[in-house]
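Subject: Handover of a structure and the findings from it

Dear colleague,

Please find the structure below, which I am passing on to you for your studies.

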Amino acid sequence: MTYYIADSAVFIMGNCDLDSSLIITVPSVAEELKSRDSALRFDLAKEGGLRVEWPEPEMVTEVRKMAEHTRDSEELSKTDLEILAKALEYKDRGILLTDDYAVQNVAVQLGIQVKPIAQKKIKDIIIWQKQCIGCKKTFDKGDVCPICGSPLKKKRKKSRKEKSYS
C-alpha cells in the first residue's frame with residue numbers, strides 16, 4: 001500500500017484528490033494553515049482518515065544531517081524537517097507531496113519519492129555554497145564574508161540530474 005506524506009501545500013492548494021486514509025502528515029502542518037479554507041480541508045481530511053503522526057527523533061536527526069550536507073538547512077522550517085523525517089520513515093512505501101524545492105532537494109538525496117502539488121518537480125539535485133559578492137571567495141555557510149565583510153550570496157556548488165521515480 002502506498003501512503004502519501006503531505007506537507008502544507010496539499011491543504012493550502014486543495015487540489016489533491018487522494019483517499020484521506022492514505023495521507024499522513026505531522027502536527028506542525030496544521031499550525032501553518034492560516035486560511036479558513038486550508039484549515040477546513042485539513043479537518044475534512046482528518047474526518048476521512050488522515051493520520052497525524054509525530055516524526056521519529058532519529059529520522060529528524062538524519063534529515064538535519066542531509067540538509068546540512070546539501071546546504072538547504074537555512075531554507076527549511078521546523079515543519080519541513082518534520083515532514084521530511086516522516087517521509088523518511090515511510091521511504092519504502094510512501095510518496096512525499098510537496099511544492100517546496102528545498103524540501104524536494106533534501107528528499108531526493110535521501111531516496112524519498114516526491115510528487116509536487118502545483119509546481120514542477122525539481123530536475124537537478126543541488127549542493128549549495130555561499131560566495132562573497134566582494135572578494136568572490138566561497139564558504140560553506142554564513143551571511144558575511146569573514147575576509148572582506150561583504151554579504152555572502154547562495155550559489156550552486158554542484159548539481160546532477162535527479163533520477164525519475166515516475
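The following paragraphs describe what was found, beginning with the basis of the values.

This is a predicted model, in which local features need pLDDT of at least 70 and side-chain atom pairs count only at pLDDT 80 or more, whereas totals for chains, interfaces and linings use all residues. Residues are numbered from 1 along each chain as its sequence is written, and side-chain values use heavy atoms, with hydrogens and water left out.

Overall architecture

The protein chain has six helices and eight strands; helices (H or I, at least four residues) and strands (E, at least two) are DSSP runs, numbered from the N terminus. Along the sequence their pattern is β-α-β-α-α-β-α-α-β-α-β-β-β-β. The chain has 166 residues, of which 48% count as buried. Here, buried means under 20% relative accessible area, exposed means over 50%, and partly exposed lies in between (1.4 Å probe, protein chains only). The accessible surface comes to about 9,200 Å², and carbon and sulfur atoms hold 50% of it; such areas come from the Shrake-Rupley method with a 1.4 Å probe, and for residues only the protein chains shown count as cover. Among contacts (heavy atoms within 4.5 Å) with a separation of 6 or more, 57% are between residues 24 or more positions apart.

The open sheet

Strands of a sheet pair through backbone hydrogen bonds, either parallel or antiparallel. In this model, five strands form an open sheet in the order β3-β2-β1-β4-β5, with parallel pairing; two strands pair if DSSP finds at least two bridges between them. β3 (51–52) and β5 (113–115) stand at the edges with a single partner strand each, so one side of each has no neighbour in the sheet.

β4 can be followed residue by residue. β1 and β4 pair in the parallel sense over four bridges: the bridge partner of Y3 in β4 is G94, and that of I5 is L96. β4 also pairs with β5 in the parallel sense, over three bridges, and there L96 has V114 as its bridge partner. G94 and L96 point one way from β4, I95 and L97 point the other way, and all are buried.

The nonpolar core

Which residues touch the most other members of the largest nonpolar core? They are I5, F11, V63, L76, L84, L96 and V106, in a core of 40 residues. A nonpolar core is a set of buried Ala, Val, Leu, Ile, Met, Phe, Trp, Tyr and Cys residues joined through side-chain atoms within 4.5 Å. Elements that give two or more residues to this core include β1 (3–6), α4 (57–70), α5 (78–89), β4 (94–97) and α6 (101–109). α5 gives the most, with six residues.

α5 lies across β1, β2 and β4 and runs at about 170 degrees to β1. Axes are lines fitted to C-alpha atoms, for helices over the stretch in contact, and angles run from 0 to 180 degrees between N-to-C directions. Leaving aside neighbours within four places in sequence, L76 is in contact with A67, L81, L84, A102, V103 and V106.

Salt bridges

Side chains of opposite charge can pair when their charged atoms come close. A salt bridge is a side-chain nitrogen of Lys or Arg within 4 Å of a carboxyl oxygen of Asp or Glu, and by this rule there are six.

K130 is buried, at 8% relative accessible area, E74 is partly exposed at 48%, and D143 counts as exposed at 55%.

E89 and K86 form another salt bridge, with the closest N and O atoms 2.9 Å apart. Both residues are buried, and because they are three residues apart in helix α5, about one helical turn separates them. Together with R51 and E53, they are linked in a network of salt bridges.

Yours sincerely,
A colleague
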